[in-house]
Amino acid sequence: MAINDSKKEYSDFIQQIRNDIDSLIHEIEGQTIHNETLRHYSMDLAMDSVPLIRFLKEARKQADISLSLYAQ
């Protein structure tokens with residue numbers, strides 16, 4: 001019983017992290033890549049966030065892997 005509770009808590013924790021990562025990706029893209037004003041003045045500044053977004057997307061994939069392992 002305690003193991004199942006711990007798995008559930010951990011799964012909920014990872015799901016919250018995944019949701020936070022999604023929020024960060026959305027916020028960063030909105031402020032940089034999808035910000036037409038910023039892109040108009042400096043495409044370099046707008047594209048500076050691309051490596052960070054890639055890193056966050058990879059972190060999201062790892063969270064998905066963890067979720068799939070604990071969903072079993």
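Mentor: pLDDT is the predictor's confidence in each residue, from 0 to 100. Helices are DSSP runs of H or I, at least four residues, numbered from the N terminus. This is a predicted model, where local features need pLDDT of at least 70 and side-chain atom pairs count only at pLDDT 80 or more, while totals for chains, interfaces and linings use all residues. Residues are numbered from 1 along each chain as its sequence is written, and side-chain values use heavy atoms, leaving out hydrogens and water.

Trainee: Which helix has the lowest mean pLDDT, and which the highest?

Mentor: Helix 3 (residues 43–47) is lowest at 76, and helix 4 (residues 50–70) is highest at 94. The protein averages 88.

Trainee: What makes up the largest nonpolar core?

Mentor: Ile 21, Ile 25, Ile 28, Ile 53 and Leu 56. A nonpolar core is a set of buried Ala, Val, Leu, Ile, Met, Phe, Trp, Tyr and Cys residues joined through side-chain atoms within 4.5 Å. Helix 1 (2–31) and helix 4 each supply at least two of its residues, and helix 1 gives the most, with 3.

Trainee: What does Ile 53 touch, not counting residues up to four places away in sequence?

Mentor: Ile 25, Ile 28, Glu 29 and Ile 33; contact means heavy atoms within 4.5 Å.

Trainee: Why is Tyr 10 called partly exposed?

Mentor: Buried means under 20% relative accessible area, exposed over 50%, partly exposed in between (1.4 Å probe, protein chains only). Tyr 10, in helix 1, comes out at 34%, so it counts as partly exposed.
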